[in-house]
Amino acid sequence: MDWQAARVSLLLAVLTAVLLLPPGVAVARWLAFSSWRGKPLAEACLMLPLLLPPTVIGFYLLTALGQGSPLGAWLVRQLNLRLVFSFEGLLLASVLINLPFMAQPIQRAFAAIPNSVREAAWVSGLSNWRTFWRIELPLAWPGLLGGVALTAAHTLGEFGVVLMVGGSIPGVTRTLSIAIYDRVQAFDTAAAHVMALSLVAASIVAVAAVFAADRRQPLQDR
Amino acid sequence: MLQVSLQNTVPMRLDASFGCAPGELVALVGPSGSGKTSLLRAIAGLLKSKTLRGRVAVGPEAWFDSERGLNLPPQQRHAGFVFQHYALFPHLSALDNVVLAAGPAPQPDQFGALFERLGLAGLERRRPAQLSGGQQQRVALARALARQPKVLLLDEPFSAVDAPARQALYRELAALRQTLSTPMVLVTHDLGEARRLADRVVIIDAGRSLQTGTPAQVFASPRNARVAQLVGIQNHFRGRFHKVEPGRGRLEWGDAGGVSLQVLDKNRIPDGATVTWVIAGERIDLLADGACEGNTLRCKVLEQLVLGETSLCTLQPEQLAHERVTLSLSTGQLRFLQAPAGGWLRLRIAPDAIHIMPQKDVPAAQ
């Protein structure tokens with residue numbers, strides 16, 4: 001077991017979920033309740049990371065953030081921030097590609113709240129902000145849990161984007177999935193087995209948590 | 001006093017005006033899709049429409065005034081709204097549902113009397129899923145009242161509960177009215193409910209308010225054939241009105257050789273006008289065949305449908321092969337008359353039970 005890679009993977013998963021939760025909730029709530037005409041296009045854009053090959057996303061991120069690009073050069077010059085082959089770059093890429101994994105379960109949870117319940121909150125005098133905190137969020141929390149679990153599980157297993165943007169720098173950008181690839185290349189299948197099984201277990205726990213949260217939701221009208 | 005005058009085109013056509021005094025209960029009555037719920041939502045500020053015009057005001061305070069560009073959000077309108085399917089907050093207890101609506105810093109103990117009054121004592125800690133439909137609707141009513149609303153809006157509040165619970169809710173609403181001086185607007189498609197509960201009814205059809213009045217007025221004197229149809233008067237016919245002498249007229253029913261009926265002349269219909277007319281069911285008497293007095297027609301019994309204690313009886317006047325009169329009678333009365341299908345009866349219509357309306361008000365396609 002490559003514990004260094006496990007630590008990077010775990011840190012990446014936790015930070016990605018934490019950073020992505022607020023914008024994920026905002027995007028999901030907007031998509032659930034908005035009647036904007038361009039909403040299908042916005043939903044399609046949100047789905048892109050699910051459809052495009054990870055290497056394609058990784059390639060574009062590499063191109064956009066590398067020091068040869070205006071943005072990459074500006075970030076290095078102004079903020080001394082290198083976003084390729086660094087943990088920060090890996091985190092940014094992870095946040096971008098995980099948006100649909102975070103937003104979709106939350107969007108479904110918001111959309112399941114009957115409109116009349118939100119309207120009842122408004123006519124009861126609750127501001128939009130209080131309606132969000134007191135009514136919408138407590139009713140949508142299983143969706144939030146699902147989004148966090150799926151994001152974390154997907155981050156742990158992501159390979160293509162991680163390899164393209166982060167490379168395989170031990171202790172910095174080498175994650176468990178990269179470490180498995182390295183072990184297989186070195187014909188060390190025993191170590192690869194251990195790490196692969198740990199990822200399978202983490203994924204099962206995450207998905208089980210989503211289903212368990214959904215079952216423990218007897219208070220919401222279905 | 002609630003004053004409503006609203007016009008809208010998209011998504012729902014509206015053209016309705018009515019008022020509701022403090023303590024008064026006005027029922028908006030109409031078929032499904034007639035716009036009555038949209039009207040209620042517009043009063044509460046829940047109707048999203050760029051084409052909404054008009055004014056909603058409670059006393060001197062305007063909630064909506066399209067001329068002034070005023071459109072208060074629902075939160076600022078102070079309307080208590082009871083939804084058809086309760087719309088309780090499912091994750092909160094009955095008490096918390098009410099407390100949350102009571103505004104900032106409410107004292108939970110102030111709601112004891114309200115829960116007691118609505119028959120909810122002891123249920124404060126239960127969640128909506130642990131309450132029956134009738135109990136949920138009472139919590140919804142308590143929530144609407146907790147805010148001390150300036151107007152109480154009830155959107156078909158009894159339609160989702162079973163019949164015994166509905167009867168109990170009728171009684172509770174009637175009792176509640178004794179203690180409230182709030183204008184109340186009830187949306188219902190149930191005519192019996194409107195007659196039973198409302199001080200006045202507003203008949204709504206295709207978004208338009210067709211007639212406003214006390215239930216007795218509207219049900220006895222519908223303004224036109226559509227209103228007659230909407231309030232469930234089955235017996236509406238066409239005929240020709242003739243003046244006879246001041247206060248008295250004659251109604252020709254059917255073509256030449258038809259029936260002539262005595263009617264009152266309220267001086268609103270010109271002599272010789274083609275009219276639509278209705279008869280209120282409770283002002284019709286059925287007599288055994290052979291009796292002959294006043295406005296009496298010999299009729300053939302075409303059909304008798306026994307519906308338990310009441311029966312639907314379809315009659316055909318002797319001289320008018322194409323006309324049908326449908327009456328709801330007690331099954332016992334029908335048995336007493338001994339007139340099976342195919343038999344004959346006499347129909348006596350009091351002249352003042354005939355309500356005549358100008359023909360021009362009849363919609364083309366009904």
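**Entry 1: a pair of residues in chain B**

I started with one pairing: Gly249(B) sits opposite Val263(B), a residue of strand 14 of chain B. The model is a predicted one, in which I used local features only at pLDDT of at least 70 and side-chain atom pairs only at pLDDT 80 or more, while totals for chains, interfaces and linings use all residues. Residues are numbered from 1 along each chain as its sequence is written, and chains are lettered from A and ligands numbered from 1 in the order in which they are written.

Strand 13 (residues 248-253) and strand 14 of chain B run antiparallel and are joined by 6 bridges. A note to myself on terms: two strands pair if DSSP finds at least two bridges between them. Helices (H or I, at least four residues) and strands (E, at least two) are DSSP runs, numbered from the N terminus.

**Entry 2**

I then looked up the whole sheet, which is open and has 5 strands of chain B in the order 14-13-12-15-21, with antiparallel pairing. Its edges are strand 14 (259-264) and strand 21 (354-358) of chain B, each of which pairs on one side only. From one strand to the next, the twist averages 45°. For such angles, axes are lines fitted to C-alpha atoms (for helices over the stretch in contact), and the angles run from 0 to 180 degrees between N-to-C directions.

**Entry 3: another sheet in chain B**

Next I followed the order 16-20-17-18-19, an open sheet of 5 strands of chain B with antiparallel pairing. Which strands stand at the edges? They are strand 16 (284-288) and strand 19 (325-330) of chain B; each has a single partner strand, so one side of each has no neighbour in the sheet. Neighbouring strands here are turned by 45° against each other on average, with direction ignored.

Strand 18 (residues 310-317) of chain B pairs with strand 19 of chain B in the antiparallel sense, over 6 bridges. I picked out Ser311(B), whose bridge partner in strand 19 of chain B is Leu329(B).

**Entry 4: Val56(B)**

I found Val56(B) in strand 4 (residues 53-58) of chain B. Is Val56(B) buried or exposed? Val56(B) is buried, because 27 other C-beta atoms lie within 10 Å. The cut-offs are 20 or more other C-beta atoms within 10 Å for buried, 12 or fewer for exposed, and partly exposed in between, with C-beta atoms placed from the backbone.

Setting aside neighbours within four places in sequence, I listed the contacts of Val56(B): Val4(B), Leu6(B), Ile43(B), Trp63(B) and Phe64(B). Contact here means that the C-beta atoms of two residues, placed from the backbone, lie within 7 Å. Between the C-alpha atoms of Val56(B) and Ser66(B), 10 residues apart along the chain, I noted 9.4 Å.

**Entry 5: both chains overall**

Chain B has 9 helices and 21 strands, and 39% of its 366 residues count as buried. The C-alpha trace of chain B spans about 75 × 50 × 35 Å along its principal axes.

Chain A has 10 helices and 0 strands. Of the 222 residues in chain A, 39% are buried, and its C-alpha trace spans about 65 × 45 × 25 Å along its principal axes.

**Entry 6: where the chains touch**

Last, I checked the contact, which takes 19 residues from chain A and 19 residues from chain B. On the chain A side, helix 6 (115-123) and helix 7 (128-157) each supply at least two residues. The largest share of that side, 6 residues, comes from helix 6 of chain A.
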